[in-house]
Amino acid sequence: MALKRVCCMFYFIAFLWWSQWNGVFAYGAECRAATTSSRRRQLLERVSQVTASTFLLNQPSFALSPEEAEKAYDTYASTYNDLDGGQAASALGIETARAMLISQARGDVLEIGAGTGLNLDKYAADRITSLTLVDISPGMLREAEAKLAEAKILKSVPVKFIQADATSDLVRRFGTQSFDTVVDTFSLCVFGNEGTKRSLNEMRQVVKSTGRVLLLENSRSTNPLLGLYQDGTANVAAAVGGKGCVYNQDVGRLILESGMKIMKEEDYAVGLFRSYVCEARST
Ligand SMILES: C[S@@+](CC[C@H](N)C(=O)[O-])C[C@H]1O[C@@H](n2cnc3c(N)ncnc32)[C@H](O)[C@@H]1O
């Protein structure tokens, strides 16, 4: 019992650091990069609107539009690896969770919201035949391209980098039943619930009926106190430094509503993160 409490406290502190304090630095960078006073005013307005809607109007779900995400993530790109791929992420078990999930990818693989390529070294090169990385932010994709070149990994695999909106543009670009595996890690929380529904619908169509959708996502904790903390802070944290990520999403429900079947689900860090192995068909 005491050990469980210590673990919860440890995860809470690591989670705060990973999801919020490091994000506050990113928010600071965004404000510093806002060279015009009107851009600074826009950032301040965003924070005050979200704070008001959370505490006064009790409105759920802050979300970044694809256009906002493109601008914001271009700003975060150069520091993203240190913050989101750093020691707090390892302490939370995120590196292990990534490795366990991504090593299951097979055949032709599509990774959406691929970011700076934190998953690139987790793919089993001898099991994948191609890798297509999609992101809305050219800045994030440039970091991923640099990582691939520097790390000298996946040499034998053709890799493509494509700027596209994963909430609306996958079927149009790639056609239905085009990939053996579709991957996403930590992007659904940025799309908001409506964007997530659209993106899951796109993923369900571009994956082959024999294929798998592999997801590793932020989720509401199984610990009731942590869950309440997440509910109370999710919108504000997303706006102030959380890089638009609303971290209390009910991803399991959204997957089932999309018509996909969850074959395997795993909890990490008292349920602050969950991985899902899904099949496109629910029957
Ligand atoms: C929290 S980051 C996750 C990055 C990476 N998957 C990881 O695990 O570190 C969210 C990513 O989603 C991308 N993104 C946001 N909205 C998007 C959209 N509508 N379509 C495609 N990518 C999007 C962002 O640019 C960013 O790279």
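Tutor: Let us begin with a definition: two strands pair if DSSP finds at least two bridges between them. In this model, which is predicted, six bridges join strand β4 (residues 179-185) to strand β5 (residues 207-218), and the two run parallel. Within this pair, Val183 stands opposite Leu214 in β5.

Student: What packs on the sheet beside these strands?

Tutor: Helix α9 (residues 188-206) does, touching β1 (107-112), β4 and β5. The direction of α9 makes about 165 degrees with that of β5.

Student: In what order do the strands of the sheet lie?

Tutor: The sheet is open and has seven strands, in the order β3-β2-β1-β4-β5-β7-β6, with mixed pairing. Its edge strands, β3 (159-163) and β6 (261-268), each pair on one side only. From one strand to the next, the twist averages 15 degrees. The secondary structure of the protein as a whole comes to eleven helices and seven strands.

Student: How should I judge whether a residue such as Phe186 is buried or exposed?

Tutor: The general idea is to count neighbours: a residue is buried if 20 or more other C-beta atoms lie within 10 Å of its own. Phe186 counts as buried because it has 22 C-beta neighbours inside 10 Å. Of the 283 residues of the protein, 44% count as buried.

Student: Where is Phe186 found, and with which residues is it in contact beyond four places in sequence?

Tutor: Phe186 lies in the loop between β4 and α9. Leaving aside neighbours within four places in sequence, its contacts are with Leu216, Glu217 and Asn218. The C-alpha atoms of Phe186 and Cys245 are separated by 8.3 Å, although the two residues are 59 apart along the chain.

Student: Which residues come nearest to the ligand?

Tutor: Of the 24 residues around the ligand, those are Ala69, Tyr73, Gly113, Gly115 and Thr185. Elements giving two or more residues to this shell are α3 (66-76), β2 (128-135) and α9. Helix α3 gives the most, with three residues. By class, the shell divides into 14 nonpolar, six polar and four charged residues.

Student: How confident is the predictor, as expressed by pLDDT?

Tutor: The protein averages a pLDDT of 87, and 81% of the residues score at least 70. Over residues 56-60, however, pLDDT stays under 50, and the model has two contacts beyond four places in sequence for that stretch.

Definitions and conventions. Residues are numbered from 1 along each chain as its sequence is written. This is a predicted model: local features need pLDDT of at least 70, side-chain atom pairs count only at pLDDT 80 or more; totals for chains, interfaces and linings use all residues. Helices (H or I, at least four residues) and strands (E, at least two) are DSSP runs, numbered from the N terminus. Axes are lines fitted to C-alpha atoms, for helices over the stretch in contact, and angles run from 0 to 180 degrees between N-to-C directions. Two residues are in contact if their C-beta atoms, placed from the backbone, lie within 7 Å. pLDDT is the predictor's confidence in each residue, from 0 to 100. A residue is near a molecule or strand if its C-beta atom, placed from the backbone, lies within 6 Å of it. Ala, Val, Leu, Ile, Met, Phe, Trp, Tyr, Cys and Pro count as nonpolar, Asp, Glu, Lys and Arg as charged, and the others, Gly among them, as polar. A residue is buried if 20 or more other C-beta atoms lie within 10 Å of its own, exposed if 12 or fewer, and partly exposed in between; C-beta atoms are placed from the backbone.
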